[in-house]
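Hi everyone, thanks for coming. Let me put the model up on the screen before I start talking.

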Amino acid sequence: MTRLDFDPDLDRLGDALRASAAIDLTREEHAKHRRVTALRGVPAGVLVVAAAAAGVVVFAQPPSGESAWAKETLQRAAAVVIPPGSANTILHVTATETLSPLAQRVAATTVSTLSEQARIQQGSPWGERAIVQVPGGPVLEENSTGQIYNQTTNSVYPAPQLPSGTPHYTLTATGTGTGSYHLSVTLPRGGVSTQTLDASTAHALQDGTDVVQWSVGWDASTQTQIVGPVVVPSTQEAQQLQAQQPDPVSSSFAAELHGLLDSGHARVTKTTTSDGQPAIEISSVNPQSGPRVNYYVDPHTYAPIELDTFGYDSPDDVTRLHFTTYETLPLAGNEQLLLVTIPPTAQDDHTHADYWNAAGLPKPF
Amino acid sequence: MNPATTSSPTPPAPVLSSDASLLAAARHDPDAFRELCERYADAVHGYFVRRTGSRVTALDLTAETFAQAWFVRARFRDEAAGSAAPWIYGIARNVLLMSIRRGALERRATERLGLQAQLDRPQHVEDQIPDSRWGDGADELLDMLPADQREAVRLRVIEDMQYADVAHALGTTPAAARVRVHRGLTALKRHLTPSKEARP
């Protein structure tokens with residue numbers, strides 16, 4: 001976009017800002033997704049049971065606007081939202097993800113397609129076993145503690161240890177009159193980490209919207225593992241984020257989708273098929289956080305069939321998550337599904353770089 | 001009906017969004033943020049040119065101002081009848097003063113946003129070392145306000161203080177502080193709202 005009466009340098013700045021902002025939005029979204037996934041165990045969810053819906057209606061005609069059809073669909077979404085899941089159930093999910101070029105760029109990966117099988121206990125202690133496979137790449141298994149087993153090389157990468165407890169911090173105004181603050185945290189092994197926060201982040205810490213937690217990460221430029229404090233949304237804030245982005249591997253998915261429909265932030269768009277399966281298309285409307293998503297769900301159970309996440313930069317930039325298995329199993333008799341079976345011949349690999357190489361693979365959920 | 005004699009309907013006047021609604025949309029819409037940038041880039045650039053005397057340096061500082069605005073856009077509070085002018089001016093002023101204080105052009109937000117690469121321009125070309133004289137008159141717009149409003153706006157918008165704290169600093173009540181800020185922002189809005197906003 002160029003305006004004849006506008007300084008060309010400023011016009012170029014506007015275009016560059018727009019492009020950078022689009023990439024940053026996608027980056028933000030990935031970060032939120034990771035945070036929300038990490039907090040999966042926090043809320044008490046509700047359970048989707050595959051055979052729950054009675055009086056199934058066959059949808060032959062697509063709706064036009066917010067029709068009686070759409071209202072009825074909304075009511076039926078509520079009908080399948082039934083009692084909360086518990087630690088006595090396991091959600092078993094298999095899915096394939098196809099990453100858009102932009103998503104690949106943000107995740108700094110050349111992987112475009114990968115598949116994941118996950119078994120997730122739907123209550124405390126939230127046991128989990130996930131198996132991720134990249135075509136031509138390794139097969140990796142991960143459990144809820146973050147330990148990774150590389151089936152291909154028969155190696156075990158122990159999860160990095162976080163310091164115990166929550167960081168003790170002090171927040172002081174910089175005194176420069178710029179509305180910025182210093183966050184100082186005493187590190188577990190001595191020394192102090194100091195970072196500058198803007199006033200709004202400092203206020204969010206003061207009012208409890210954000211909290212300080214320990215985090216462990218990898219600095220690719222220096223090839224070192226870093227343990228330090230990080231400012232993240234509080235549990236309550238994360239729950240609000242989660243409510244705006246239904247989590248397909250949570251038993252509360254149908255409830256969250258229903259909440260989104262009820263609030264007007266999503267609407268039933270049409271009936272369709274996905275991979276030959278009948279499906280309802282539900283589209284997010286002006287999402288308050290995150291990108292626009294099309295949810296394709298089973299018309300009877302509201303179990304997810306496919307999620308299409310659209311990039312901010314282009315409507316053609318779509319990351320597609322297609323589910324081939326989606327079932328709830330009783331824990332009793334299926335406990336072994338949560339266990340990563342590591343052969344006695346497996347070698348422990350304590351090299352940080354190897355762990356982070358494995359952990360750095362993009363994962364659908 | 002003969003098409004040749006049919007007059008074309010008058011195209012509808014473009015709907016102008018307030019800055020506040022653009023910033024709300026910019027939470028998930030880069031185009032909205034680009035439009036906001038278009039409204040204020042000229043004014044902000046002019047402000048920096050007057051301070052630094054260099055078009056190129058002013059361009060760098062303008063980029064930093066909008067990069068910072070992007071990162072804190074969610075915390076924008078509409079306190080000037082939909083105008084973001086005082087808020088953006090406050091960020092620009094801070095960028096300028098921070099550059100003077102650090103003795104180098106403030107670029108942290110620009111770098112964090114990856115904006116330099118998007119501009120496809122080598123970094124640090126024609127860099128000027130910030131001069132303390134750049135700060136002279138940095139409050140040129142606030143100086144147009146009566147003293148009580150100037151201080152109230154400075155504390156609230158630029159220092160980002162809560163009304164209770166502004167009131168404490170000024171020795172008045174929070175309600176009175178709010179009135180002073182509102183009057184000051186209304187006056188600033190008249191000076192700062194660019195004429196471009198009225199263009200189709």
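I'll go through confidence, then a helix pair, then a pocket.

This is a predicted model, where local features need pLDDT of at least 70, side-chain atom pairs count only at pLDDT 80 or more, and totals for chains, interfaces and linings use all residues. Residues are numbered from 1 along each chain as its sequence is written, chains are lettered from A and ligands numbered from 1 in the order written, and side-chain values use heavy atoms, without hydrogens and water.

Chain A has a mean pLDDT of 76, pLDDT being the predictor's confidence in each residue, from 0 to 100. In chain A, 76% of the residues reach 70 or more. Residues 32–66 of chain A fall below 50, and that stretch has 74 contacts in the model beyond near neighbours in sequence (heavy atoms within 4.5 Å).

Over to chain B, please. Helices α7 (residues 147–158) and α8 (residues 163–170) of chain B pack at about 140°, axes 9 Å apart. Helices here are DSSP runs of H or I, at least four residues, and strands are runs of E, at least two, numbered from the N terminus; axes are lines fitted to C-alpha atoms over the stretch in contact, with angles from 0 to 180 degrees between N-to-C directions. Who meets whom? From α7(B) come Glu151(B), Ala152(B), Leu155(B) and Arg156(B), and from α8(B) come Tyr163(B), Val166(B), Ala169(B) and Leu170(B).

And which residues lie nearest the centre of the second largest pocket? They are Gln161(A), Arg189(A), Gln225(A), Val227(A) and His352(A), among 15 lining residues. A pocket is an open set of points on a 1 Å grid over the protein atoms alone, where a 1.4 Å probe fits, with protein on both sides within 12 Å along at least five of seven lines; lining residues have an atom within 4 Å of a point. β11 (224–233) and α7 (352–359) of chain A each give two or more residues to this lining.
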